[in-house]
Each structure stands twice: as structure tokens, then as C-alpha cells.
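This briefing is for a reader who is meeting the structure for the first time. Please look over the sequence and the model before reading on.

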Amino acid sequence: MTKYAFTVELCVKEFSSGDPLAFKMDGHRFDGAQRTLKWSTDQTYAVKITTKPATEVTRINVNGNDLDVTKEKLGVFSGNWNTAGAEVSKRGTRFPLIFLVNFAPEGQMRVEFQSKNDSHAVWGHKMNSVEFKCSGDDDGYVKIVDESYK
């Protein structure tokens with residue numbers, strides 16, 4: 001098995017305003033990741049994936065919803081995701097949001113949903129992007145070895 005390394009950067013912004021997602025540090029209060037991303041319900045988000053070195057992305061799926069993927073340029077792919085139907089998170093609850101990205105040759109995030117008009121949804125640090133350092137093998141398995149929120 002040949003190992004290779006690459007970086008995947010995920011950038012999510014509110015579609016109409018271009019505002020970045022908010023996130024907060026939860027430490028080990030919940031299982032999984034140490035940060036919680038704060039999404040609004042009934043909102044459309046622009047999702048952008050950038051790979052370095054440039055790698056072809058053939059599919060982006062968010063929580064079971066395939067996005068219409070647009071190739072912006074070599075190594076940069078985007079699509080829109082709408083949170084319609086997501087329930088507002090109850091106080092003190094978090095759950096994983098699954099991003100599946102298929103490359104031509106996975107990880108878990110913890111999120112919470114707030115009502116679109118709830119100011120709590122934007123409280124926290126602003127996430128312009130999160131960068132994943134990845135390693136993979138010839139069988140197509142990719143492992144996230146580090147993450148960096150920007």
C-alpha cells in the first residue's frame with residue numbers, strides 16, 4: 001500500500017450574505033470533535049472544497065444530500081446545501097453532520113441547529129474554513145490526521 005498525503009479545506013458560508021459559520025469550543029463535553037459548528041435552520045449554505053495538491057472531487061454529500069458540484073478551477077469544487085427540515089437542537093445536545101467527499105484516484109463533525117432568526121446561531125468564533133490534513137492509500141481509504149479551524 002502506497003501512502004500519500006493531501007489537504008482538504010472546507011469553506012462554508014451563508015449563501016445570500018456570505019457570512020461564515022460560527023463555531024465554539026466545547027472541549028470534551030460531548031463525544032467526537034472538540035468544536036461545535038452552528039448552522040441555522042431553513043438556510044442555504046455555499047460549500048466549497050479545496051484540495052492541495054489539486055485532486056478531482058466527483059461528489060460532495062452533506063447528511064445524505066448530494067450537492068450539485070461545480071468545478072470552479074483545478075482543485076476547487078463547490079455546491080449549495082439547504083438545511084430545510086433540520087430540527088432546532090435542544091439545549092445541551094449535539095450530533096454529527098456527515099460530509100462525504102468522493103475523490104477521483106472521512107471524518108465526523110459535531111453540529112447544532114438553531115432557529116434562523118435566533119441570535120444564538122451566530123454566537124461564537126467565525127469559521128472561514130476548516131483545513132483537514134489527510135493521508136490515503138492505493139485502496140482509496142482516506143484518513144483525516146489533523147484539522148485546523150481558520
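Why is strand 8 largely enclosed by the rest of the structure? Strand 8 covers residues 76-82, and five of its seven residues are buried, so the rest of the structure largely encloses it. The model is a predicted one.

**Confidence**

- The average pLDDT of the protein is 82, and 88% of the residues score at least 70.
- Strand 8 has the highest confidence in the protein, at a mean of 96.
- Confidence is lowest in strand 11, residues 109-114, where the mean is 63.

**Strand 8 and its partners**

- Strand 4, residues 44-52, pairs with strand 8 in the antiparallel sense, over seven bridges.
- Within strand 8, Ser78 is the residue that Lys48 stands opposite.
- Strand 7, residues 70-73, is also antiparallel to strand 8, and this pairing has three bridges.
- Ser78 in strand 8 is the bridge partner of Thr70 as well.
- Strand 7 and strand 8 form a hairpin with two residues between the strands.
- In that hairpin, Gly75 takes a positive phi near 85°.

**The largest nonpolar core**

- The largest nonpolar core has 25 residues.
- The members that touch the most other members are Leu10, Val12, Trp39, Trp81 and Met127.
- Two or more residues of this core come from each of strand 1, strand 2 (21-25), strand 3, strand 4, strand 5, strand 8 and strand 13 (130-136).
- Strand 1 gives the largest share of this core, four residues.

**Strand 2 and strand 3**

- Strand 3 is mostly covered, with five of its six residues buried.
- Strand 2 and strand 3 run antiparallel and are joined by four bridges.
- Met25 stands opposite Arg35, which is in strand 3.

- Three strands make an open sheet with antiparallel pairing, in the order 6-5-10.
- Strand 6 and strand 10 (99-103) are the edge strands, and each pairs on one side only.
- Five bridges link strand 5 and strand 10, which run antiparallel.
- In strand 10, Phe103 is the residue opposite Val57.

**Glu14 in strand 1**

- Glu14 belongs to strand 1, residues 4-14.
- Is Glu14 buried or exposed? Its relative accessible area is 11%, and buried means under 20%, so Glu14 counts as buried.
- The side chains of Glu14 and Ser17 are joined by a polar contact of 2.6 Å.
- Apart from its neighbours within four places in sequence, Glu14 is in contact with Asp19, Gln43, Thr44 and Tyr45.

**Backbone features in the loops**

- Most residues other than glycine have a negative phi, and most peptide bonds are trans.
- Asp42 has a positive phi near 50° and is not a glycine.
- Asp42 lies in the loop between strand 3 (35-40) and strand 4.
- With a relative accessibility of 47%, Asp42 is partly exposed.
- Asn63, also a residue other than glycine, has a positive phi near 50°.
- The loop between strand 5 and strand 6 (65-66) holds Asn63.
- Asn63 is partly exposed too, at a relative accessibility of 37%.
- Which peptide bond is cis, with omega near -5°? The bond is the one from Lys52 to Pro53.
- Pro53 is in the loop between strand 4 and strand 5 (57-62).

**Phe132 in strand 13**

- Phe132 is part of strand 13.
- The relative accessible area of Phe132 is 9%, and this residue is buried.
- Phe132 and Ile144 are twelve residues apart along the chain, and their C-alpha atoms are separated by 6.1 Å.

Notes. Residues are numbered from 1 along each chain as its sequence is written. This is a predicted model: local features need pLDDT of at least 70, side-chain atom pairs count only at pLDDT 80 or more; totals for chains, interfaces and linings use all residues. Side-chain values use heavy atoms; hydrogens and water are left out. Buried means under 20% relative accessible area, exposed over 50%, partly exposed in between (1.4 Å probe, protein chains only). Two strands pair if DSSP finds at least two bridges between them. A polar contact is a pair of N or O atoms within 3.5 Å; within protein, one must be able to donate a hydrogen and the other to accept it, and residues adjacent in sequence count only if both atoms are side-chain atoms. Contact means heavy atoms within 4.5 Å. A nonpolar core is a set of buried Ala, Val, Leu, Ile, Met, Phe, Trp, Tyr and Cys residues joined through side-chain atoms within 4.5 Å. pLDDT is the predictor's confidence in each residue, from 0 to 100.
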